[in-house]
Amino acid sequence: MHPESNNSLYCCSLAKINSLSVLIPDGETWDAVKVLRCLNHVPGITVHVLAKSRLPLARLSRYCSSCHFNISENDEDWIRAIRSLVRNLRIDVVLPVTERGVEFVARNRKTISEFVAVPPLADYDSITLGFNKGVKSFP
C-alpha cells in the first residue's frame with residue numbers, strides 16, 4: 001500500500017520512524033537481499049549486513065549501507081562481532097533473516113538484548129521444534 005493512501009495506520013507507522021539503523025547478522029543468503037529490498041520501502045531505515053562469506057549477495061545491493069565479514073563459528077565470537085558493529089554503527093535493532101540467524105538470536109536473546117533491541121521471537125526450544133518439523137513432539 002502506498003504511504004499517501006487513506007490507510008492512516010500505515011501512514012502513522014511510517015511517520016513515527018525518523019531514523020532506524022538495522023543490522024542483519026546473517027546476511028550471506030538471498031533472504032538478506034529480499035529483506036533489504038523490503039526495508040527500502042520504509043523511509044528513515046538504514047540497513048547494515050554482517051555475513052560469514054566474504055562476498056555475500058547483499059553487499060551488491062544498493063540498499064545495503066555497509067557490509068561486514070565475520071567467519072565466527074561459535075556464538076561468543078558472533079556476539080562480539082555484533083556488539084562491535086552495534087557500538088561503531090549505532091545499530092538500533094538486530095534483525096535475523098534466516099533459520100540459523102533466528103535460532104542464534106533466540107538462543108542468545110538475553111545477552112544480545114543487553115546492548116541492542118531484538119525482534120519478538122518465540123523461545124529457543126519452540127523455534128527449534130518449529131524448524132525440525134519431522135521430529136514428533138507428542139508421545
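Asp77 and Arg80 sit three residues apart in helix α3, so about one helical turn separates them. Helices here are DSSP runs of H or I with at least four residues, strands are runs of E with at least two, and both are numbered from the N terminus. The model is a predicted one, where local features need pLDDT of at least 70 and side-chain atom pairs count only at pLDDT 80 or more, while totals for chains, interfaces and linings use all residues. Residues are numbered from 1 along each chain as its sequence is written, and side-chain values use heavy atoms, with hydrogens and water left out.

Asp77 and Arg80 also form a salt bridge, with their closest N and O atoms 2.6 Å apart. The term stands for a side-chain nitrogen of Lys or Arg within 4 Å of a carboxyl oxygen of Asp or Glu. Asp77 is partly exposed, at 29% relative accessible area, whereas Arg80 is exposed, at 52%. (Buried is under 20% relative accessible area, exposed is over 50%, and partly exposed is in between, using a 1.4 Å probe and protein chains only.)

Searching the whole structure turns up three salt bridges. Another one pairs Arg100 with Glu28, again with the closest N and O atoms 2.6 Å apart. This one ties together distant parts of the chain, 72 residues apart: Arg100 belongs to helix α4, and Glu28 to the loop between β1 (20-24) and α2 (30-39). Both partners are partly exposed, Arg100 at 32% relative accessibility and Glu28 at 21%. Then there is Asp75 with Arg107, at 2.8 Å from N to O. Arg107 is partly exposed, at 37%.

How do α3 and α4 pack? Their angle is about 90°, and their axes lie 12 Å apart; axes are lines fitted to C-alpha atoms, for helices over the stretch in contact, with angles from 0 to 180 degrees between N-to-C directions. α3 is therefore roughly perpendicular to α4, a label for angles of 65 to 115 degrees. Asp75, Trp78, Ile79 and Ile82 of α3 make the contact with Arg100, Gly101, Phe104 and Arg107 of α4, where contact means heavy atoms within 4.5 Å.

As for helix α4 (residues 99-107), its buried residues are Gly101, Val102, Glu103, Phe104, Val105 and Ala106. Their cover includes α3 (75-89), β4 (93-94), α5 (109-112) and α6 (124-131).

Notes
Angles under 35 degrees count as roughly parallel, over 145 as roughly antiparallel, 65 to 115 as roughly perpendicular and the rest as oblique.
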